[in-house]
Amino acid sequence: MTQFPATAAEPGQNRTGEDRTLVLNMGPQHPSTHGVLRLVLEIDGETIVRLKPEIGFLHTGIEKTCEAKFYQQVVPLTDRIDYLCPLTNNLAYCLAVEKLLGLEIPPKAQWMRVLMNELTRINSHLVWLGTHAMDLGAMTVFLYCFREREDVLRFFEMVSGQRMMTSYFRIGGLALEPPLGFFEKVKKFADRFPGNVDEYEGLLTGNPIFMMRTKGIARLSAEDAIALGAGGPTLRGSGVDIDLRRDAPYTGYENFKFKVPVRTEGDVFARYLCRVEELRESIGMVQQALAGMPEGPIKADAPKVVLPDREKMKTQMEALIYHFKIVTEGFAVPAGEVYQAIESPRGEMGYYIVSDGTAKPYRVHMRGPSFANLQALAKMCEGGLIADVVAAIGSIDIVLGDVDR
Amino acid sequence: MPLDPPITDIEVLKPHPALARLLEWNVSVVQAAKFDRDELTIWIEKEAIREVCAILRDSADCPFNYLCDLTCVDWYPSEPRFEVVYHLLSIPHKERVRLKARVDGSSPAIESVTSVWPSANFYEREVFDLFGVRFTGHPNLERIMMPDDWEGHPLRKDYPVEGYR
């Protein structure tokens with residue numbers, strides 16, 4: 001029989017000197033991990049001693065697939081990486097290829113890109129807000145958010161025919177002209193939406209239960225956030241003032257006025273406030289884009305790269321030849337490499353493309369913001385409680401398609 | 001917007017803060033530099049990569065304090081086969097630079113930069129998993145995307161797109 005030692009137990013050990021921590025699996029099938037994320041938690045009672053994310057369950061080898069496709073065939077693949085903001089991925093990829101080609105994009109296409117990109121941000125933040133609040137027990141917000149998200153998805157359907165996998169941005173411009181009545185409908189939505197944000201805030205921002213679940217939880221200092229590579233609202237919630245739309249403007253963002261919300265608390269509540277504020281800024285940019293939408297073509301004047309209009313293809317021989325050549329053998333891209341980073345709803349979305357001068361990319365690498373943000377999760381959770389892991393996962397807003405690619 | 005020809009003359013590129021800092025620290029670590037499509041690439045001696053990253057991170061004039069991305073390109077069948085690519089960002093100055101280190105294909109290995117940026121942890125595991133490049137000094141170098149018992153490294157150019165049958 002074991003004799004109990006006379007001294008008191010060390011922390012982390014029981015009185016017989018054994019390890020008293022327990023390893024608990026959270027996921028991959030867990031509703032609060034927002035996908036197939038597996039967390040291996042080492043717990044001491046209710047306290048997290050160590051947290052280890054296990055990923056790769058959704059790995060589809062998109063980067064490898066890209067190497068076997070023509071440049072224009074990669075666009076639909078990019079939709080499927082981060083399925084909550086497909087247009088952001090389309091944009092990052094198209095901008096990277098356009099940079100490789102040295103293509104100039106007409107103003108209307110640029111403004112449409114900003115408009116659709118900000119609608120995508122709203123769409124993504126609404127899904128985040130609804131699911132995050134539901135994780136913390138506020139069911140109603142979810143229904144409100146998905147009501148407005150439905151409107152945004154209808155806009156996507158209007159321009160591209162698809163609700164989620166839009167592929168609306170193409171190399172050299174847009175796929176189609178926006179249909180008649182589109183701008184009026186968006187305008188109506190944009191006028192109404194700030195009131196909807198007030199509704200969400202009325203349910204959450206001053207709510208004592210929500211504040212108890214989020215304030216001071218899963219703190220991340222600015223130094224740690226930078227060292228761990230966090231991005232977007234996770235970084236700005238920790239007091240680092242960076243937004244690529246303002247600091248490295250692309251696709252005409254320099255023409256728009258907006259504020260970059262930054263909070264210094266570095267907790268779940270700070271990230272929540274940053275994102276809700278971004279909803280308001282985004283709808284402001286949608287208003288600006290609607291007010292200043294220029295007229296003109298929606299595709300670059302580059303017949304070897306951009307598919308001709310249907311009408312031209314059926315009536316002009318050159319257009320038919322170009323169409324045939326682009327579809328059957330793609331278009332050659334001058335050798336070189338680019339890294340194009342844009343501000344996705346989750347942080348820096350970067351595309352690194354290496355071209356060897358042929359019609360297929362030599363290497364495509366996606367720098368997923370969720371992949372980077374996930375590394376910060378362990379730092380946030382260790383020393384906290386199990387129940388707060390759910391709040392922390394919600395607050396970094398990961399999409400597992402983006403993590404695993 | 002026609003493309004400008006790339007600039008490869010180090011003397012011309014000297015004013016860029018990253019290159020200036022490296023030349024000031026140790027001229028021999030810089031193999032080559034290229035400015036193409038508004039992006040600066042610096043080829044670094046493989047042995048010095050960790051020190052170079054630490055020097056750039058702690059640079060007083062323009063600290064490149066954020067590791068955006070770390071990945072790899074396979075140039076099979078030419079040698080040195082792999083290029084490990086680092087994208088750095090200076091958050092205070094909004095400057096970017098790309099570092100590259102060439103790694104040969106026979107037993108690919110390079111020093112880990114996890115001690116400089118903890119964020120390199122996942123990226124290096126990903127490169128190890130998909131390219132088979134080893135990172136010496138990495139705290140936990142194991143597969144991250146593929147199952148632990150997977151054979152081969154899928155993003156290598158000699159790995160078939162449809163996998164081995």
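**Exercise 1. Asn117(A)**

Task: Find which residues Asn117(A) contacts, leaving aside its neighbours within four places in sequence, and decide whether Asn117(A) is buried or exposed in this predicted model.

Solution. 
- Step 1. Leave aside neighbours within four places in sequence. Asn117(A) is then in contact with Leu87(A), Thr88(A), Leu91(A), Tyr250(A) and Tyr253(A).
- Step 2. Helix H4 of chain A, residues 107–135, holds Asn117(A).
- Step 3. Check the accessibility. Buried means under 20% relative accessible area. Asn117(A) has 1% relative accessibility, so it counts as buried.
- Step 4. Look for a polar partner. The side chain of Asn117(A) makes a polar contact with the side chain of Thr88(A), at 3.4 Å.

**Exercise 2. Thr166(A)**

Task: Locate Thr166(A) in chain A, and list what Thr166(A) touches beyond four places away in sequence.

Solution. 
- Step 1. Thr166(A) sits in a loop of chain A. Helix H5 (139–160) and strand S4 (169–170) are the elements that this loop lies between.
- Step 2. The relative accessible area of Thr166(A) is 5%, so this residue is buried.
- Step 3. Set aside residues up to four places away in sequence. Thr166(A) then touches Asp79(A), Pro86(A), Leu87(A), Asn90(A), Phe156(A) and Ser160(A).
- Step 4. Cross-check with Exercise 1. Leu87(A) is among the contacts of Thr166(A), and Leu87(A) is also among those of Asn117(A).

**Exercise 3. Arg38(A)**

Solution. 
- Step 1. Leave aside neighbours within four places in sequence. The contacts of Arg38(A) include Asn25(A), Met26(A), Gly27(A) and Pro28(A). They also include Lys52(A), Pro53(A), Glu54(A) and Phe57(A).
- Step 2. Pick out the Asn25(A) contact. The side chains of Arg38(A) and Asn25(A) make a polar contact at 2.7 Å.
- Step 3. Turn to Glu54(A). Arg38(A) and Glu54(A) are 16 residues apart along the chain, yet 5.1 Å separates their C-alpha atoms.

**Exercise 4. Chain A as a whole**

Task: Count the helices and strands of chain A, then judge how compact chain A is for 405 residues.

Solution. 
- Step 1. Chain A has 16 helices and eight strands.
- Step 2. The C-alpha trace of chain A spans about 95 × 45 × 35 Å along its principal axes.
- Step 3. In chain A, 59% of the 405 residues count as buried.
- Step 4. Take contacts in chain A with a separation of 6 or more. Residues 24 or more positions apart account for 69% of them.
- Step 5. Finish with the surface. Chain A exposes about 15900 Å², and carbon and sulfur atoms supply 56% of it.

**Exercise 5. The sheet of chain B**

Task: Give the strand order of the five-strand open sheet in chain B, and say which helices lie across its strands.

Solution. 
- Step 1. The order is S1-S2-S5-S4-S3, with mixed pairing.
- Step 2. Strand S1 (30–36) and strand S3 (66–74) of chain B are the edge strands, each pairing on one side only.
- Step 3. From one strand to the next, the twist averages 20°.
- Step 4. S4 (82–90) and S5 (95–103) of chain B run antiparallel, joined by nine bridges. Val85(B) stands opposite Lys100(B) in S5(B).
- Step 5. Helix H2 (17–25) of chain B lies across S1, S2 and S5, at about 25° to S2(B).
- Step 6. Helix H4 (120–131) of chain B lies across S3 and S4, at about 5° to S3(B).

Notes: Residues numbered from 1 in each chain as written. Chains lettered and ligands numbered in written order. Predicted model: local features only at pLDDT ≥ 70, side-chain atom pairs only at ≥ 80, totals over all residues. Heavy atoms only, no water. Contact = heavy atoms within 4.5 Å. Polar contact = N/O pair within 3.5 Å; in protein donor to acceptor, adjacent residues only side chain to side chain. Pairing = 2+ DSSP bridges. Helix = DSSP H or I, 4+ residues; strand = E, 2+ residues; numbered from the N terminus. Axes fitted to C-alpha atoms, helices over the stretch in contact; angles between N-to-C directions. Buried < 20%, exposed > 50% of the residue type's maximum accessible area, 1.4 Å probe, protein only. Rg over C-alpha atoms; globule rule 2.2 N^0.38 Å. Areas by Shrake-Rupley, 256 points an atom, 1.4 Å probe, with all protein chains shown as cover.
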